[in-house]
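Trainee: Please show me how to read the features of a model like this one.

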Amino acid sequence: FAFDAPWELAALLGDHAAAAIDGEARLLPAFWAWRLDAEDSRGWAPHRDHPEREVDARGAPTSLSLWVPLTDATPDNGCIHVVPAHWDPQYLNPKATPEVLFLQSIRALPAAAGSVLGWTSKLLHWGAMADAHAPPRISISFEYQAAAAPLYDGVHYPLGYLPSATERRTLIARQWERYQHMHESPAERAGALAAVVDALLPP
């Protein structure tokens with residue numbers, strides 16, 4: 001996220017976001033990237049991004065995530081798994097838990113590099129465990145919201161947003177704080193990240 005390419009990708013995904021939202025979309029300050037490349041490495045555990053956010057009677061969400069595999073994502077290297085909304089009794093519950101009620105409802109979503117997967121903020125989903133000898137699963141994701149909806153993260157950005165170097169430093173730091181609990185990241189990794197950011201985006 002220190003470079004232009006992820007932000008250019010976020011802009012290219014804007015049409016998908018607008019189609020899913022069925023209206024004008026805005027980019028949220030919520031993004032992450034993953035690399036699964038070792039035995040027992042895995043994506044995030046089953047979770048819902050924001051179960052309290054609404055979908056309308058047609059299923060159009062007020063916010064969603066768009067996830068792009070940069071390498072092929074397969075069942076062997078930890079592709080995304082979901083519980084489809086129509087098999088999820090908790091889907092519309094704003095206080096839904098991440099519990100999988102019916103194991104038979106789980107669906108794997110293999111995806112070729114460059115595909116676009118998207119889901120509403122309510123969908124129960126996770127990244128699976130990677131096999132030891134599988135090729136790496138590298139992916140990136142962004143969140144979007146309907147322009148007409150209330151601000152969800154205190155700020156949103158127009159599609160095509162290209163942050164300055166200072167803004168990138170701030171946003172990267174914000175994501176680390178926001179998501180580190182998902183990885184239980186030790187302090188030394190935070191130090192390593194800070195060193196890389198300082199090298200790429202000198203303060």
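The dialogue below goes through sheets, a helix, and a few single residues.

Mentor: This is a predicted model, so local features need pLDDT of at least 70 and side-chain atom pairs count only at pLDDT 80 or more, while totals for chains, interfaces and linings use all residues. Residues are numbered from 1 along each chain as its sequence is written, and side-chain values use heavy atoms, with hydrogens and water left out.

Trainee: What is the strand order in the open sheet of four strands?

Mentor: First, the terms. Helices (H or I, at least four residues) and strands (E, at least two) are DSSP runs, numbered from the N terminus. Two strands pair if DSSP finds at least two bridges between them. Here the order is β1-β7-β2-β5, with antiparallel pairing. The edges are β1 and β5 (117–120); each has a single partner strand, so one side of each is left without a neighbour in the sheet. The twist averages 20° from one strand to the next. Such angles run from 0 to 180 degrees between N-to-C directions, with axes as lines fitted to C-alpha atoms, for helices over the stretch in contact.

Trainee: How many bridges pair β2 with β7?

Mentor: Seven, in the antiparallel sense, with β2 covering residues 63–69.

Trainee: Is L117 buried or exposed?

Mentor: Buried means under 20% relative accessible area, exposed over 50%, and partly exposed in between (1.4 Å probe, protein chains only). L117 lies in strand β5. L117 counts as buried because its relative accessibility is 16%. Leaving aside neighbours within four places in sequence, L117 is in contact with S65, L66, W67, I80, L109 and A111. L117 and L201 are 84 residues apart in sequence and 30 Å apart in space, C-alpha to C-alpha.

Trainee: What is the order of the open sheet of three strands?

Mentor: That order is β4-β3-β6, again with antiparallel pairing. The edge strands, β4 (107–109) and β6 (124–127), each pair on one side only. Neighbouring strands are turned by 25° against each other on average, direction ignored. Four bridges join β3 (residues 80–83) to β6. Three bridges pair β3 with β4. In β4, L109 is the bridge partner of I80.

Trainee: Which residues of β3 are buried on each side?

Mentor: Both faces are covered: I80 and V82 are buried on one side, H81 and V83 on the other.

Trainee: What does H81 stand opposite in β6?

Mentor: H81 stands opposite W126. H81 counts as buried because its relative accessibility is 15%. A polar contact is a pair of N or O atoms within 3.5 Å; within protein, one must be able to donate a hydrogen and the other to accept it, and residues adjacent in sequence count only if both atoms are side-chain atoms. The side chain of H81 reaches the backbone oxygen of C79 at 3.0 Å. Beyond four places in sequence, the contacts of H81 include I106, R107, A108 and L124.

Trainee: Why does the span of α3 agree with its number of residues?

Mentor: The expected span is 1.5 Å times one less than the number of residues. α3 (residues 165–183) has 19 residues and should span 27 Å; its end C-alpha atoms are 26 Å apart, which agrees.

Trainee: Where does α3 bend?

Mentor: The bend at a residue is the angle between axes fitted to the seven residues ending there and the seven starting there. α3 bends by about 35° at E177. Its buried residues are R168, L171, I172, Q175, W176 and Y179. They pack against α1 (4–12), β1 (25–36), β7 (137–146) and α4 (187–200).

Trainee: What is phi of D22 near?

Mentor: Most residues other than glycine have a negative phi. Phi of D22 is positive, near 65°. D22 lies in the loop between α2 (14–21) and β1. D22 counts as partly exposed, at 46% relative accessibility. E184, which follows α3, has a positive phi near 50°.

Terms used
Contact means heavy atoms within 4.5 Å.
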